[in-house]
Amino acid sequence: MSLSTLKRWVTEVADLTDPTEIVWCDGSYPEGQKINALLVENGTFEKLNQKIRPNSFIARTDPADVARVESRTFICSEEEKDAGPTNNWVEPAKMRAELNEKFAGSMRGRKMYVIPFSMGPLNSPLARYGVEITDSPYVVASMRIMTRVSDKIVDRIAAGADWVPAIHSVGQPLIDDQGNTVADTPWPCNPENVYVVQFPETREIWSFGSGYGGNSLLGKKAMALRIGSVLARDEGWLAEHMLLIRITTPEKKKYHVAAAFPSACGKTNLAMLQSQMPGWKVETLGDDIVWMAPNDRGKIRAINPENGLFGVAPGTGISTNKVAVDSMREGAIFTNVATTKDGDVWWEGLTDEAPDHLTDWKGDPWNKDSGKAAAHPNARFCLPIDQVTSLSDNWAEPEGVELDAILFGGRRATNVPLAVRSLNWQHGVFLGATIASEQTAAAEGPIGILRRDPFAMLPFCGYNMGDYFGHWLSFAEKLDPANLPTIFQVNWFRKDENGKFIWPGFGENMRVLQWVVGQIEGKDSSIATPIGMVPKAEALNTEGLRLSEEKLAQLLAVDRDTWSHEAAEIAGFFESFGDKMPEELKVELQNLESRLRA
Ligand code: GTP
Ligand code: SPV
Ligand code: MN
């Protein structure tokens, strides 16, 4: 690739979309000031009270554009079998024709921004570059926080570096087909015509109609995960929906742990865990995406390719995640939260008591008796990662950090115990492949319905998930067998008969991490169950918790009947992958079934 390829592509997109002007972004400070001022002028941003929350803004979206749209997310591989049963697929030629029609003239009356960005530190061997074209200044402002936007990327592309082209339009031109000028709205979008399309073979991204989150900030889910997973398969690494932390023990030993939980299932919170345990510390390296590759010592080295956080606001408060609250004191973009009468933000869970007289996420007056949520359940805060008060000093190490453990988890009201250690890599991959979780507000659709979300990658795997399982299985062959990261499953969300979470969660999850470290260190703190090694009740540190023996037993219980049921369900899920399903995982399922019978 070369600079002329990049310039030709920009010209082609401009010819198709017909913007009034092309703006090349350089990532500079003045550019940020200018774009924020423009967003205020357009009414997309409202400036928050600068005394309380300096340099921060709130955006209220169109109420129809509030989350990722999985039903309109496509993997358009040449062959349907390469997208697999878990992805929407349309023949590439047909999709290109549809997209060409939608994008034709879609930027009329708007500026077209060209954003060169890096996922990963620019000098990291694991970094990959992208260029996003967008007609949304909100996307520019957000990409500047979430990724490393820099004109240096253009120099690297000129020098021959590969890059992923990503095209985004809100799909609301300001000049209609008759040539008449149309008034803009604070949150332009086209929710009836959303497309989030990945072409894995040509490594292209096309997104239309939505301005929100993963639909439009294309470095994140579209590039770092969907296209990233394809690059990773072809080049021998892994692109994962994971947080990344460093745990320090009282003996000053350091362990790096990555964890995959589905959307809105606790990654950001675990990444910012504030330990109450004397001598134990957790530091943040990443909260949503991890790229990992084998290093020359046969260990996995991991980086966080992002540069910012786009975290769920509701439920994030002083008592649950003080680190997050401290980290967003300034320089943050809030979307779909409520505002107070003195120009600050609020959402359910920020404080125990709601302040009087809020303006809700839709812009309507709100009080405690309004009978509805003040903030949208998928309201988000966006902030530069270097503002995170628990940031680890090695978070941007170009070579990455060596992984000691990998956790998989989800929201499971029943059946799945607080923690399980896998028996070996293959069994660990089985745990990852069989994760299920109750759906959340992070994507459109019903909330609370249980679905299989293997590796928390269901909406983000850019190829056939059967092949993806195989890639995970074979990944161990590139690693030192004596030094494989230990794989665990965790579940903070088990509920009692009254529908209450049994485990206190949040900062208290440190207790589970202590057990995890103990297991890595070879402590005798687990017992065998049919599903894997579960904490011995007496080995889990519950000192100071109000948790009865009975509740603890409930948290750790493995019920043979319900697990037999679950195994049958897993069998059905595995069958959906046909001959793409790796034999090794079918063997793991048989092993589980026979352990359940024993
Ligand atoms: P995405 O950004 O969508 O990928 O979400 P995430 O996985 O980073 O989830 P996040 O940490 O933002 O948490 C989502 C919701 O789960 C919030 O409302 C949290 O308050 C809640 N949550 C997080 N950790 C825990 C926990 O340990 N226990 C309980 N009960 N709730 C939790
Ligand atoms: C998720 O849904 O996993 C998110 C939010 O992190 S979004 O960026 O919208 O994908
Ligand atoms: Mn996420």
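How many bridges pair β12 and strand β13, and in which sense? The two pair in the antiparallel sense over seven bridges. Keep in mind that this is a predicted model, where local features need pLDDT of at least 70, side-chain atom pairs count only at pLDDT 80 or more, and totals for chains, interfaces and linings use all residues. Residues are numbered from 1 along each chain as its sequence is written, and side-chain values use heavy atoms, with hydrogens and water left out.

- Strands here are DSSP runs (E, at least two residues), just as helices are (H or I, at least four), and they're numbered from the N terminus; two strands pair if DSSP finds at least two bridges between them.
- Strand β12 (residues 242-248) has seven of its seven residues buried, so the rest of the structure largely encloses it. Buried means under 20% relative accessible area, exposed over 50%, and partly exposed in between, with a 1.4 Å probe and protein chains only.
- In a regular strand, side chains alternate between the two faces of the sheet.
- On one side of β12 you'll find M242, L244, R246 and T248, and on the other L243, I245 and I247, all of them buried.
- On the β13 side (residues 254-260), R246 sits opposite H256.
- β12 and β13 make a hairpin with five residues between them, and K252 in the turn has a positive phi of about 70°.
- β12 also pairs with β14 (residues 281-286), antiparallel again, over five bridges; there I245 faces T284.

**A five-stranded sheet**

- This open sheet runs in the order β2-β3-β18-β23-β17, with mixed pairing.
- Its edge strands, β2 (45-47) and β17 (308-312), each pair on one side only.
- Three bridges join β2 to the antiparallel β3 (residues 57-59), and E46 has I58 as its bridge partner in β3.

**Cavities**

- A search of the whole structure turns up three cavities of 30 Å³ or more. On a 1 Å grid over the protein atoms alone, a cavity is a set of points where a 1.4 Å probe fits but cannot get out, and lining residues have an atom within 4 Å of a point.
- Of the 13 residues lining the largest cavity, P262, S263, Q439, T440 and R451 are the closest to its centre.
- The second largest cavity has a volume of about 90 Å³, and F430, L431, T434, Q489 and W563 lie nearest its centre.

Definitions and conventions: Chains lettered and ligands numbered in written order. 1 Å grid on protein atoms, 1.4 Å probe; cavity = no way out; pocket = protein on both sides within 12 Å on 5 of 7 lines; lining within 4 Å. Points joined across faces, edges and corners; volume = space filled by probe spheres on them.
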